Amino acid sequence: MVTQRWIVVSLLFVLSLSPTVPVLAQTVTAYVDRNPIQLEDTVQFVVRFNGGNPGGAPDLSSLENDFDLLGTAQSTQTSIINGRSNTVTQWVSTLAPKRAGAITIHPIRVGSNSSAPLTLTVLSSGKPGQPGKGRDLFIHVQVEPQDPFVQSQVTYTVKLYHAVPIREGRLDEPNSTDVLTKKLGEDRSFDTVLDGRRYQVIERQYALFPQKSGEIIIPPITLTGQVPEKRSRRSRFDDMMGNRPRMFGNDPFDALFQTTRAVRTRSERVTLNVRPRPLSFTGNQWLPAQEVVLQETWTPEIVDQQALRTGEPITRTITMVAKGVTGEQLPDFPVTKIDNIKIYPDQPVTDTKVEGASTIGIRQQKSAFVPTESGTVQLPAIHIPWWDLTTNQARVASLPARTLKIVPEPGNVEPTSPPGVSIPLPLGSTNPTAGDPVPSMNESPNTVTVANTSAGSLSRWWQAGIGVLSLLWLVTCLGWWYDRRTRGRQGDSKKSETDLSQDRNLKQARAAFEKACRANHPKEAKDTLLRWAAKKWPVNPPLGLASVAHRLADTQGQAAVWELDRLLYAETESVWNGKDCCQKISFAMDIQEKQGSIREEILPPLYLTGT
């Protein structure tokens, strides 16, 4: 019996290879898995070629006007039924509609055959950003205030609701040419219940600073990712292996074998009505803020107008702290010129911190004061006009004027005459000879005061000792300098050799990448780009193209890296412009990585693995 079965199987296999086996006629059909759908949903579009070799993939370019193509998967199945061979090739594409209404999908051509047209109905009843019946995930955004002043902070809050786990999620940032964007703090995660369904929520906040008055539209932000595909039935393999439902939920190994589908959802767009600078504000530089504070410190510290000494420097530090603006928005401090004091200002330092849902701008200016002459000087007051967003009125932050007293340093005080000895003059002498001491007003005409010679001798001995010590100190410094110079040359030689080797390796890696791009070899371009990035960031080299893209500050360079990554893992071949990719990525690598890098990957909280 077993032998007969093997004979039948062998005959079927031979017949499948035989060219005489009849083949079914070639046909092309196209359909969608759901109709109608909501505007925020995705739909599976299936193109099925029945009968032999299709001779190539279908042309889906006609879909790009009405849909975003999120990915395409291909499968092929061959069967023999009643001696007739049949091969079915199927392409499944995930489509995200761009508009609501009745969308016609024109015939799709595969080889010399075409499918019939079909119509997909896209409903707009579900408002973007609002929960709907059966919706697995959606995005809600909110701004405060909606009518800000120009250059003032707008808090933009994004909340991602998902009832299913999201894998490989990527959330866009708010993007508009008329606003500056800064992320506020870390993401928050919590649970909530809407319409009787439990959602996990990821909340993210941004500070937006509109750069012009009038109406500004913030486009919708989009989430793209993968979610688990719902199983419609259990397979025979599950039953055979005994994988039956358990009391405490699904098998934990299901996630390893569960298929996923691409999803995309987007928020509603936001409109800002930006108000211009008020006419009542008379300051030179517009500064809208919630609070502005000026502070000053002195090093060394002076208290109660303590006197300064000529020649002794002292540092004055002025700090401006403002809530609701960035450090770059804060104005310069006025330049001060004061008689009897030389002022040497340092470069101002600006910084922006985050406190809750607000930005904190900081500007600090240090100046060295060197008094040159004794006397009393007046430091003028400092006034910084600003606009109070809380009370909607103009205010002024001030530092009061300060009076400083400058006294001579102790070494400049005139010394008193040293004690002297009175010596009688010879008889007949009426005037002292040149070089003799001048008589004192309270001494007799016949006496003169002579300085104490012992003090002069002691001073000369001190001067000689100091000279010898200075000479020894100079010889020691020269020896130390010579030793440091010798060692420095040796170290610089070794360091220069290391630097030259690193530069040579970096240039070779870059040249290899450019060569692969010019030859239009995307796989080789990926490998050489990773080697180049490893030479550029040797301490923490990136492990993949995604990590390289996250470290680049130039958006065109990022897009070129993502395009190369997409091309390598796409199911169908597409044209790649290696020269254009090389120019964009090389430029982005030259201008260094992002501020605060090597930083965290984009949207780490969204790479979720469980509910």
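Predicted model: local features only at pLDDT ≥ 70, side-chain atom pairs only at ≥ 80, totals over all residues.

Select W473 to begin: this residue is exposed, with a relative accessible area of 58%, where buried means under 20% relative accessible area, exposed over 50%, and partly exposed in between (1.4 Å probe, protein chains only). W473 sits in helix α4, residues 453-518; helices (H or I, at least four residues) and strands (E, at least two) are DSSP runs, numbered from the N terminus.

Residues are numbered from 1 along each chain as its sequence is written, and side-chain values use heavy atoms, leaving out hydrogens and water.

Next, select strand β16 (residues 222-228), where five of the seven residues are buried. Strand β12 (residues 167-171) pairs with β16 in the antiparallel sense over three bridges, pairing being assigned if DSSP finds at least two bridges between two strands; L171 has L223 in β16 as its bridge partner. Strand β17 (residues 260-266) also pairs with β16 in the antiparallel sense, over seven bridges, and there T224 has R264 in β17 as its bridge partner.

Move to I103 in strand β6 (residues 101-105), a residue that is buried with a relative accessible area of 0%. Its contacts (heavy atoms within 4.5 Å), not counting residues up to four places away in sequence, include D66, F67 and T119. The C-alpha atoms of I103 and T119 are separated by 5.6 Å, although the two are 16 residues apart along the chain.

From there, show D66 with R99, whose side chains meet in a salt bridge at 3.2 Å, N to O, the rule being a side-chain nitrogen of Lys or Arg within 4 Å of a carboxyl oxygen of Asp or Glu. D66 lies in the loop between β3 (43-50) and β4 (67-81) and R99 in the loop between β5 (84-97) and β6, so the pair ties together parts that are 33 residues apart in sequence. D66 counts as buried at 16% relative accessibility, whereas R99 is partly exposed at 36%.

Finally, select D68, K98 and R264, which are linked in a network of salt bridges.
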